[in-house]
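Please look over the sequence and the model below before turning to the notes that follow. They are arranged as a short briefing, grouped by topic.

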Amino acid sequence: ERRIDMMKKSISKRQMLKRTLAVVLALAMMITGLPVTALAETAADSSKDYPVAQMTYTAGSEELTKGLQWNEGPVRFAFDENEATLWHSDYEKGDVSNGNFWVEMKLAEATYVDAVRYLPGRTNNGDIGGYKIEGTADGEAWTLLTEGTWEDADGWKIAEFEAVEVVGVRLTATSTYSKYEQNVNGFANA
């Protein structure tokens, strides 16, 4: 299953169908009013994901050499539908304060998006905590869609927001967790 997915909304004259763009448990619970179990089930539901084959993706930082022996590194690993692989920021040039811990997803067409799903990597070293999600309608100007903090826990996370028509979405880590104190905010993964 993909690590980051988008939920999209396709607009017809009579109805709007939701989809998810995959990439805040406590925060979302307060916003949506859903119980934790319902929110967790929504986060794990991939039925509304935007098709990975119809998007391109880039990252501000990715480990392209050293991590390959552990099946981690390139951003393509976040979208390969294989939970044994993961995107990991560059091992040597990492720090959340640099602003380069982001993954950008460009869509094949303008699409209404109302959520981003995120599955942390299996390493517990660089899991996204604080995040901001931006969207672009023209591929150039970015608008903040939502921001918050995900709980430091295993399993899918979801950030929901008001549906907006976009051609791209960017998930940026503003803080990250690590099981190693010296690596907190030093890496990001998905």
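Y57 counts as partly exposed at 25% relative accessibility, where buried means under 20% relative accessible area, exposed over 50% and partly exposed in between, with a 1.4 Å probe and protein chains only. This is a predicted model, in which local features need pLDDT of at least 70 and side-chain atom pairs count only at pLDDT 80 or more, whereas totals for chains, interfaces and linings use all residues. Residues are numbered from 1 along each chain as its sequence is written, and side-chain values use heavy atoms, with hydrogens and water left out.

**Aromatic pairs**

- The structure holds 4 aromatic pairs, a pair being rings of Phe, Tyr and Trp (its six-membered ring) whose centres lie within 6.5 Å, with planes under 30 degrees apart counted as stacked, over 60 as edge-to-face and the rest as tilted.
- Y57 and F79 form a stacked pair, at 4.1 Å centre to centre and with 15° between the planes.
- This pair links distant parts of the chain, since Y57 belongs to strand 3 and F79 to the loop between strand 4 (72–73) and strand 5 (86–87), 22 residues apart; strands (E, at least two residues) and helices (H or I, at least four) are DSSP runs, numbered from the N terminus.
- F79 counts as buried, at 3% relative accessibility.
- The pair of Y91 and F187 is edge-to-face, because the ring centres are 6.3 Å apart and the planes stand at 85°.
- Y91 lies in the loop between strand 5 and strand 6 and F187 in the segment after strand 11, so this pair ties together parts that are 96 residues apart in sequence.
- F187 counts as buried, at 14% relative accessibility.
- Y118, Y131 and W150 are linked into a cluster by ring pairs.

**Nonpolar cores**

- In the largest nonpolar core, which has 29 residues, F79, W87 and I133 touch the most other members; such a core is a set of buried Ala, Val, Leu, Ile, Met, Phe, Trp, Tyr and Cys residues joined through side-chain atoms within 4.5 Å.
- At least two residues of this core come from each of strand 3 (55–59), strand 6 (102–118), strand 8 (130–136) and strand 10 (157–173).
- Another core, of 5 residues, lies apart from it and includes A43, A115, W156 and I158.

**Strand 8 and its partners**

- Strand 8 is mostly covered, with 6 of its 7 residues buried.
- Strand 8 and strand 9 (residues 143–149) run antiparallel and are joined by 6 bridges, pairing of two strands requiring that DSSP finds at least two bridges between them.
- Within this pairing, G135 has T143 of strand 9 as its bridge partner.
- The hairpin of strand 8 and strand 9 has 6 residues between the strands, and there G139 takes a positive phi near 85°.
- Strand 8 also pairs with strand 10, in the antiparallel sense, over 6 bridges, and T136 stands opposite G168 in strand 10.

**S175 and T176**

- S175, found in the loop between strand 10 and strand 11, is partly exposed, with a relative accessible area of 24%.
- The side chain of S175 reaches the backbone nitrogen of G130 at 2.7 Å, a polar contact being a pair of N or O atoms within 3.5 Å, where within protein one must be able to donate a hydrogen and the other to accept it, and residues adjacent in sequence count only if both atoms are side-chain atoms.
- T176 lies in strand 11 (residues 176–178) and is buried, with a relative accessible area of 2%.
- The side chain of T176 reaches the backbone oxygen of F187 at 2.8 Å.
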